[in-house]
Structure formats: structure tokens, C-alpha cells
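Here is a short report on one protein model.

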Amino acid sequence: DPYSGDPPRHPALQVNSLKPFNAEPPAELLTENYLTPNQLFFKRNHLPVPAVDAASYRLQVEGPGGRVLALSLPELKRRFPKHEVTVTLQCAGNRRSEMSRVRQVKGLEWGVAAISTARWGGVRLRDVLAHAGYGEEEEEAGEQHVCFEGLDKDLSGAAYGASIPYRTAMGPGADVLLAYEMNGEELPRDHGYPLRVVVPGVVGARNVKWLGRVSVSPEESPSHWQRNDYKGFSPAVDWDTVDFTTAPAIQELPIQSAITDPAPGATVPPGELTVKGYAWSGGGRGVVRVDVSLDGGRTWHVAELTGEEQRPGRAWAWRLWRLTAPVPPDATELDIVCKAVDASYNVQPDTVEPIWNLRGVLSNAWHRVRVTGAE
Ligand code: MTE
Ligand code: MO
């Protein structure tokens, strides 16, 4: 069993797949903390968790002209300044199960909690690439990509891989990390021990764990997960007509929000109801507002945003939110809805149908939770 060496996991996690291990925390627990505890942070593995020996570990960094640097962990820590950033990671498939309710899609049936936030500590990818000899000339030379390879491999020996545009890594506000710490602890095995990429504002899939190699290329990563997965399509496209070669790879994610409390089907007492949830947008776009309705979207309340303030253009982490409002006295059923607005005034679509896609990615319609009112 290639999975026999996987690490132990927290029993509260809701498991989507055991081998490889994929799990999310219960929604109500997700928003208990602004920083998600490491054990509850959602876990998305495509392959067995590799056993990496920290003492012999070397990060390979391919410089211009193909010269390869091999950097040990102590060298990385000694040579480059430590940098910490609070970043929310979201899987492209977060809330996929809502898409499958419209029409079956292919993929893990995530609920609303394939998203989590941590304070990551590590070195800046920009500093490491500059040390390897990269600068601004590469940017001027046309579109380039920074490619990452994981140390986790499938049966054919192919590693998990992904890439991001060069400017995402090297731009002036770039906070892309090679992280060795998560919430002040050593990076846990499930999250990429001993070193992972953290790309703020960008889909989870590009945040390569168990990082083995970094290179710069005029081509995107050749990995299956870069080229033939994690792309969006029209609802009209099916498995006979899909063309992965022409659709762009998902990088920055769209505005997202969801209700984490109360749970669907709960009975709410009369009087006041408190609704809780999260909101986040990709590309460093802040959350400017969350609107909540208790009557299916007929009337709206503005939720209170909690958690850390966001920096304009570098809003890498989510806001949590809450709304306390009177329950209409005669209500037998409440249809709670939330929708968020980001700093570019992007909004969430009201329904799933027009954004349905065969892979079930980018599921960010208004989130609806139905609860029962107690007499
Ligand atoms: N990196 C490697 N090496 N292998 C993987 O399977 N999964 C990716 C990404 N990095 C993956 C990986 C996906 S799809 C997501 S959503 C995030 O890791 C999940 O990160 P987490 O498990 O730390 O939450
Ligand atoms: Mo993902």
C-alpha cells in the first residue's frame, strides 16, 4: 500500500477520499478561528505523502543557462531573510458538491470548507530566483513561467507539478513564499514538509507541496494538473468536446463567500439569529462587503466583517463575517443567502447553472442554507 506511510490525521476532518487523503473541516469549526489550526486545515493530496528526510533534502533551483543550485534547508534559512505572510488557500473544487446537484461533475465532492487560512513563514521565491541569477530581463523577454515540481510521484514516476506566471513570482508586490513554517510550527507532512510554495491570491493547485525543483521556462509546467486539469469551461462543453489546450489555466480565483453557521437543516430558535461565514477573493482583491438575506434574497442585511484588516491590492487572507438579525416571527423556514463583493466590485453569480462546468471548478454562486424556524 503506497499510502501506508501517510501521517495521522485529526478525527474531526470530513474525509472525501482516504487514498489519496482529501478532507475538509466541519464548516462550523472552520470559522471558529481566523487562522485555521494546522490539524483542521483542509488537505488536498493527489498522491501518497512522500517521506522526505530533512537532513539530505536539497531544493534544486535551475538558473539561467541550466546551472542547477542545490540548497539545503539550513542554507535557505541562513542565506535569505525570513518573511511571514497570512494567506488563504482555496481549492479550485471548493463547493463542487453544489455543482453536482445541478448536473453531475467529475471530481471530489467538496463542501464549503476546501479553504483555510494560515500564517506562513519562509523565504521569498523572488529572493531565491534572484540569487540563482534571474532579474527583470526575463520579464522583458516575453511571457515566462516559474515551474514547480513536487517530490510526490505517481506510479509512472511523474511528479505533481504546476507553474505560475513569472511576473506573479517576481513583481514588486510579490509575496510568493517557499514556506517551511505554518502557524508558527514546522510545516506538517500533509502540507508539504519540509518546503512548499505559497502563492497568495492564486488557486490552491499552484501551491506545490514537498517542493523538489524550481525552474523558469517559456512554457507552462508540462504537468497534467497544469495542462489538462484546473481549467474552466462553458456549461455547453462536455467530455466529448472539451479542449484543454486552448483554455487558460486557473490562477487568480474569483470572489467567494459561504455560510458556515447555522448548518443546513438546523432548527433555529425564535428571536435573534446569528449567521457566520467567510469571504475571500483572489489576486489580492479585498472583500469590501458581504450581504446576507434571511428570505432567499428578497431583502438584505450588511454583515459585519471580522478578522484582520486587509491591505489594498495585497489582501491575501479572508475576512470572516457575522450577522445578527431578528428571525421573522411567523417563519417556518428560512432561506439564508450570502454574497460578497470584492475591491473591483466583482460579485458572485446568483445561481450555479450559468457557471456549471464539467470539472466542477470555480463554484462561487450565492451560498444558500435552509433552516427551520422553531414555533
Ligand atoms: N502539491 C503537491 N506536491 N501535490 C499535491 O497533490 N495538491 C494541490 C496543492 N499542492 C498538491 C500540491 C492542491 S490541488 C491544493 S488545493 C493544495 O495543494 C492544497 O494544499 P493543502 O493540502 O495544504 O491544503
Ligand atoms: Mo485543489
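## Terms and basis

Domain bounds come from an automatic or database domain assignment. On a 1 Å grid over the protein atoms alone, a pocket is an open set of points where a 1.4 Å probe fits, with protein on both sides within 12 Å along at least five of seven lines; lining residues have an atom within 4 Å of a point.

This is a predicted model: local features need pLDDT of at least 70, side-chain atom pairs count only at pLDDT 80 or more, and totals for chains, interfaces and linings use all residues. Residues are numbered from 1 along each chain as its sequence is written, chains are lettered from A and ligands numbered from 1 in the order in which they are written, and side-chain values use heavy atoms, without hydrogens and water.

## Confidence

pLDDT is the predictor's confidence in each residue, from 0 to 100. The protein chain has a mean of 96. In all, 99% of its residues reach 70 or more.

Helices (H or I, at least four residues) and strands (E, at least two) are DSSP runs, numbered from the N terminus. Helix α5 (residues 137-140) has the lowest confidence, with a mean of 68. Strand β12 (residues 196-198) has the highest, at 99. Where pLDDT is low, the predicted coordinates should not be read in detail.

## Pockets

The largest pocket holds about 580 Å³ of space; a volume is the space filled by probe spheres set on the points, which are joined across faces, edges and corners. Its lining has 28 residues. Nearest the centre lie Glu-98, Arg-101, Val-112, His-367 and Arg-368. Two or more lining residues come from each of α1 (27-30), α3 (96-102), β14 (256-261) and β22 (367-373). The lining splits into 14 nonpolar (Ala, Val, Leu, Ile, Met, Phe, Trp, Tyr, Cys, Pro), 8 charged (Asp, Glu, Lys, Arg) and 6 polar (the others, Gly among them). Domain 1 (14-227) and domain 2 (256-373) each give at least three residues to this lining.

The second largest pocket has a volume of about 330 Å³. It is lined by 18 residues, with Arg-167, Thr-168, Pro-200, Glu-252 and Trp-316 closest to its centre. Of the lining, 8 are nonpolar, 6 polar and 4 charged. Domain 1 and domain 2 each supply at least three residues here too.

## Strand pairing

Two strands pair if DSSP finds at least two bridges between them. Strand β8 (residues 145-153) pairs antiparallel with β9 (residues 159-165) over 6 bridges. Lys-153 has Ala-159 as its bridge partner.
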